[in-house]
Amino acid sequence: MEREQEHKERIEQAISILETISGDFTTPRNIRRAAKQSIDALRDETLSPAVRAANAISILDEISQDPNMPVPTRTKIWQVISILEGIKD
């Protein structure tokens, strides 16, 4: 039960950071779109927290390679990935 709460808090923390990225209009559109897709993946209640985290990490890992990404945004994405990597079944 305690672990479920920790997973929920990690997911909420990740979503909060991703929402700042997706709402930042100085960030390229494709990166904002990936942030929104990650949020959707994290909110998919039909999957376990670990699967939702893995899906979001996959999306973010791919977009983090984008050479047009501003450095502060890349740092936030790495932060989200490290938060989500702590979620295991």
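This is a predicted model: local features need pLDDT of at least 70, side-chain atom pairs count only at pLDDT 80 or more; totals for chains, interfaces and linings use all residues.
Residues are numbered from 1 along each chain as its sequence is written, and side-chain values use heavy atoms, with hydrogens and water left out.

Helix 1 has a buried side. His7, Ile11, Ala14, Ile15, Ile17, Leu18, Ile21 and Ser22 are buried in this helix, where buried means under 20% relative accessible area, exposed over 50% and partly exposed in between (1.4 Å probe, protein chains only). An α-helix has 3.6 residues a turn, so residues three or four places apart point the same way. Glu2 and Lys8, both exposed, lie on the face of helix 1 turned away from its buried side. The cover over the buried residues of helix 1 includes helix 2 (29-42), helix 3 (49-63) and helix 4 (71-85), with contact meaning heavy atoms within 4.5 Å.

Helix 1 and helix 4 cross at roughly 165°, and their axes come within 9 Å. Axes are lines fitted to C-alpha atoms, for helices over the stretch in contact, and angles run from 0 to 180 degrees between N-to-C directions. The two helices are therefore roughly antiparallel to each other, a term for angles over 145 degrees, as against under 35 for roughly parallel, 65 to 115 for roughly perpendicular and the rest for oblique. The crossing of helix 1 and helix 4 is left-handed, that is, the near helix is turned anticlockwise from the far one by less than a right angle (right-handed if clockwise). Among the residues that meet are Ala14, Ile17 and Leu18 in helix 1 and Ile77, Val80 and Leu84 in helix 4.

Helix 3 also packs with helix 4, at an angle of about 155° and with the axes 10 Å apart. This pair is therefore roughly antiparallel, and its crossing is left-handed. On the helix 3 side the contact includes Ala53, Ala56, Ile57 and Leu60, and on the helix 4 side it includes Ile77, Val80, Ile81 and Leu84. The buried residues of helix 3 are Ala50, Arg52, Ala53, Ala56, Ile57, Leu60 and Ile63. They cover an arc of only 155° around the axis, which puts them on the same side of helix 3.

Helix 2 has helix 1, helix 3 and helix 4 among the elements covering its buried residues. Leu42, found in helix 2, is buried with a relative accessible area of 1%. Beyond its neighbours within four places in sequence, Leu42 is in contact with Ile11, Ala14, Ile15, Leu18, Arg52, Ala53, Ala56 and Leu84. By contrast, Pro67 sits in the loop between helix 3 and helix 4 and counts as exposed at 73% relative accessibility.

Terms used: Helices (H or I, at least four residues) and strands (E, at least two) are DSSP runs, numbered from the N terminus. The arc is that of the directions from the helix axis to the C-beta atoms.
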